[in-house]
Amino acid sequence: MNKKFVLGIYDDEDVLLTAIENVRAAGTKIYEVFSPYPVHGIDDVLGIKRSRLPIAAFFFGLFGTSFALWMQIWMLGFDWPMIIGGKPHIALPSFIPVTFELTVLCAAHGMVITFFIVTKLKPSTKVPVFDKRSTDDKFVMAIEVKDGVTDLAALNDLLRTNGAIEVNQKEVLK
Amino acid sequence: MQHVSPIREPLVTGGKTYHDITEDVCRQVEARPNMRWAIALAVALVGFAIFCYSVYRTLWYGIGEWGLNKTVGWAWDITNFVWWVGIGHAGTLISAILLLFRQKWRTSINRAAEAMTIFAVICAAMFPVLHMGRPWMALWVLPLPNTYGSLWVNFNSPLLWDVFAISTYFSVSLVFWYIGLIPDFATIRDRATGPIARRAYAVLSFGWTGSAKAWSRYETVSLILAGLATPLVLSVHTIVSFDFATSVIPGWHTTIFPPYFVAGAIFSGFAMVLTLMIITRKVFKLEDYITLEHIESMNKVIILTGSIVGVAYITEFFIAWYSQVEYEQYAFINRATGPYWWAYWSMMTCNVITPQLFWFRSIRRSLTATFIITIFVNIGMWFERFVIIVTSLHRDYLPSSWAMFSPTIIDVGIYVGTIGLFFTLFLLFAKFFPVINMAEVKAILKSSSEVKPHHQRHTNTMHGTPKDSNSNTSHSNE
C-alpha cells in the first residue's frame, strides 16, 4: 500500500521549532522531521523521550569489567597459576589496565551496535529520502495523509502560515 | 542554553549559508582529482613502496636487517611506535575532550584530526608487529592458550596492556570517527549524480535520513563515546609509558612518565594536526572554516603541553640528582653530555624552546611561523623518544656491554615508509571523504558565523530558539 505524505519545507531552525509546536497544538500528528544537523530543542517540541542508550552503555561496560576480571583471575589464578615476578597469582593491580580497556571496548561497541539496531541503520544501496535537500540546507516536516480524513488545503495553510517555504506532496511506495 | 560573547571571534568566516558549507566541503569529493593531489599521492606512494620493500627485507632476512644489537634491543622501531601513537592522540583529544569542554572550534578540525589519529595508529602498530619478527604469529598476543594447551598470556606485563590499549583505542576511535561521518556521507549521497558514487555513499551512509529521533540518539551516542574516549586517550599513552616505567632501567624507571608521556603525545599530535591543516585548508580552499582563530587555539594547546613537557625534562634531571642514585644520575648526565648529546639537545631545542615563541600573538597567528614551529615539534618529539629509549639502554649497569646504536638503511626505510603510508591514507581520505564535519559546522553556524546567514539575530545569540519566540524550547543540557 502506498503512503502519502505532505512535506513542509523550512529553511530556518527557529522557524521550524515554532512551526512544530503550532502544528502539534493544532492537533496534527507529525510523522517525522528531517534536518541536516541536530537541532537543539527539537526533542522537547516533538516529545522525543531521552534516549536510554547511556543505560545500555553502562551495562555493556559493566559486562566488560566483569568479563575482564573473570578472565584474568581465572586464567592466571586458577587455570594455570604461575609465579611471575614474585607477585601473587591474582595480582589485582596488574589487572587494572586490561580491565579498564575492556570496559571501554565493550561499552563503546555495545552502545554503537545497539544504536545501529534501534535506529535501523544498516548499509544498503537504496535509501528512501523524502526530500534530498534535508541533508543539505532544508528542514523537512513530514505529515502522513490519510485519505478522506486529512484536509489537504487546511494542512497546506497551517504549514504555510507557520513559515514553510514550500509544501509538497510525496507518495512512498511500500 | 549557550551564550556566545560578542567579543568572541567568529569560527566560520565569509558569511556562509548552510548550502555554502555543503558546497565547499563536497567540492573536492565530487570534482575530478586535481594535479596537485595526484602529485602528492604519487610521492606518498613512493614512500609506501619504500615501506613495502623494507618490510619485505625485514620479513625475508629477519630482524638482523635492523640496527639493533644485544645492548640496544629497542631503538628505532619503538621510537617510531611511540612517536606515531603520540601523534595519534590529537584526534580523539580534539573530538572527545573538546566536546566535553564544549569547545565549538573543534567542529571544523575534528574530522581530519580523527582521520589522522586512525592512520597514525595504523602506522604505529606496524612497528611492534614487525619487531615480533614473525608477524604471522601476532595472534599469540591475544589471550589464547599457548599451543592450545593451558599457558596464558602474562597479564602482569605492560607489553600486553599495550595490546589491549592500542587495539581498544584504534577500534573506538574508528567507530567514533565513522559515526560522525554517517550524516555527511548521507549529504554526499543525496547530491551524487553518478550511479557508482550514489550507491557507494548510500552504503557508507548506513541509510541515514536525518530524522529527529535518529539525531537525538546520534547526539547521545556522541556524548557517551566522548565520555568513554576521554579516559581512553589518557590511558593509552599512560600504558605506553608503563612499557618503560615498570622496568628497572635507569632513565626509564620514573613515576613521572605517565603524565609526561600524555602531555608529550598531545603536544606532538597537535603539531601534526596543524602541519596537516595548514596545507589542507590552503589546497581545498577551506580558509573560512579553519580560520586563524582555530590555528591560534591549537597553538595555545601547544604552548601548554610544550611547557609541561619542558618542566618534565627538568624534573627528571632534578630527581636524578635528588635521588642520589648513582646509575640514575649517570643516565641523565650521559644523555646531556654523552655520545648522544646531539639528540638530547635537538630534543631540548625543538620541544622546550621553539614552542615558547607562541607566547607572541603575531607568531601564534602567523601561518608560516606556525608551520615551521610544528615541524620542529614533530622532529623534537621524535628525538625525545629516541633519547629516552636509546640513551637509557646503550650504557647500562655493566660497562663491558656498552654499545652504540646506528640505524640501517632498512630501519630508515620502514620509518620513511610509514610516513608514505600515512600520507597515502590521508590523501585518499581527503579526496573521497568530507574533510570537515558538515553537520557539526552547520549546527554552530547560527551562533558562531561571521555574518548572520538568513535572518535577524541579536548580538548575544542563543543557540537554539530565542526565548521570546518560543518558551517551550529552553534546554539546559545543550
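## Helices 4 and 5 of chain B

In this predicted model, the axes of helix 4 (residues 89-100) and helix 5 (residues 110-131) of chain B come within 6 Å and cross at roughly 145°. Axes are lines fitted to C-alpha atoms, for helices over the stretch in contact, with angles from 0 to 180 degrees between N-to-C directions. Helices are DSSP runs (H or I, at least four residues), numbered from the N terminus.

Ala90(B), Gly91(B), Thr92(B), Ile94(B) and Ser95(B) of helix 4 meet residues of helix 5 of chain B, among them Asn110(B) and Glu114(B). Contact requires C-beta atoms, placed from the backbone, within 7 Å.

## Helix 3 of chain B

Helix 3 (residues 76-87) of chain B has twelve residues. Twelve of the twelve are buried, so helix 3 of chain B is largely enclosed by the rest of the structure. A buried residue has 20 or more other C-beta atoms within 10 Å of its own. The buried residues, including Trp76(B), Trp83(B) and Trp84(B), pack against helices 4, 5, 8 (212-245), 9 (257-283), 14 (367-394) and 15 (409-432) of chain B.

## Where chain B touches chain A

In chain B, 66 residues are in contact with 65 residues of chain A. Helix 8 of chain B gives the largest share of the chain B side, 16 residues.

## Numbering and confidence

Residues are numbered from 1 along each chain as its sequence is written, while chains are lettered from A and ligands numbered from 1 in the order in which they are written. Local features need pLDDT of at least 70 and side-chain atom pairs count only at pLDDT 80 or more, whereas totals for chains, interfaces and linings use all residues.

Notes:
Helices (H or I, at least four residues) and strands (E, at least two) are DSSP runs, numbered from the N terminus. Two residues are in contact if their C-beta atoms, placed from the backbone, lie within 7 Å. The expected span of a helix is 1.5 Å times one less than its number of residues.
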